[in-house]
Amino acid sequence: MQSALRITTKVLLGNKIEIEIPEAEIGDSVDVFVILPEKAEPKHRSVLDIIEESRRRHPYRTAEDIDRQLQE
């Protein structure tokens, strides 16, 4: 029966990885599968959508409100 070993490692400088296989011997051939994590695709939003979202998060304030806050 063929054995399998799951190893999680970090990508090193130069986009390289390093793994240690204690069960293997020098000169053994091994197959390596690299599964990259799924990355969320960036949403492409219009400038108007961004402005609208900002207005929802921060209620409309008058210039007087802002001046009063700055003076406080």
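Visitor: Into what numbers of nonpolar, polar and charged residues does the lining of the largest pocket divide?

Guide: The lining of the largest pocket divides into 15 nonpolar, five polar and five charged residues, where Ala, Val, Leu, Ile, Met, Phe, Trp, Tyr, Cys and Pro count as nonpolar, Asp, Glu, Lys and Arg as charged, and the others, Gly among them, as polar. Please keep in mind that this is a predicted model, in which local features need pLDDT of at least 70 and side-chain atom pairs count only at pLDDT 80 or more, while totals for chains, interfaces and linings use all residues. Residues are numbered from 1 along each chain as its sequence is written, and side-chain values use heavy atoms, with hydrogens and water left out.

Visitor: What volume does the largest pocket have, and which residues are the closest to its centre?

Guide: The volume of the largest pocket is about 1200 Å³. Leu5, Arg6, Ile7, Val32 and Phe33 are the closest to the centre, out of 25 residues that line this pocket. A pocket here is an open set of points on a 1 Å grid over the protein atoms alone where a 1.4 Å probe fits, with protein on both sides within 12 Å along at least five of seven lines, and a lining residue has an atom within 4 Å of a point.

Visitor: Why is Arg6 called exposed?

Guide: Arg6 has a relative accessible area of 78%, and exposed means over 50%, buried under 20% and partly exposed in between (1.4 Å probe, protein chains only), so Arg6 is exposed. Arg6 is found in the segment before helix 1, and its C-alpha atom is separated by 10 Å from that of Val34, 28 residues apart along the chain.

Visitor: How do you know that Asn15 is exposed, and what sets its phi apart?

Guide: Asn15 has a relative accessible area of 70%, so it counts as exposed. Although Asn15 is not a glycine, its phi is positive, at about 55°. Asn15, too, is found in the segment before helix 1, and its C-alpha atom is separated by 48 Å from that of Leu70, 55 residues along the chain.

Visitor: What makes Glu53 and Arg45 a salt bridge?

Guide: A salt bridge needs a side-chain nitrogen of Lys or Arg within 4 Å of a carboxyl oxygen of Asp or Glu; the closest N and O atoms of Glu53 and Arg45 are 2.3 Å apart, and the pair forms a salt bridge. Arg45 has a relative accessible area of 38%, so it is partly exposed.

Visitor: How many helices and strands does the protein chain have?

Guide: The protein chain has two helices and zero strands, where helices (H or I, at least four residues) and strands (E, at least two) are DSSP runs numbered from the N terminus. Arg56 belongs to helix 1 (residues 47–57), and at 59% relative accessibility Arg56 is exposed.

How values were computed
Points joined across faces, edges and corners; volume = space filled by probe spheres on them.
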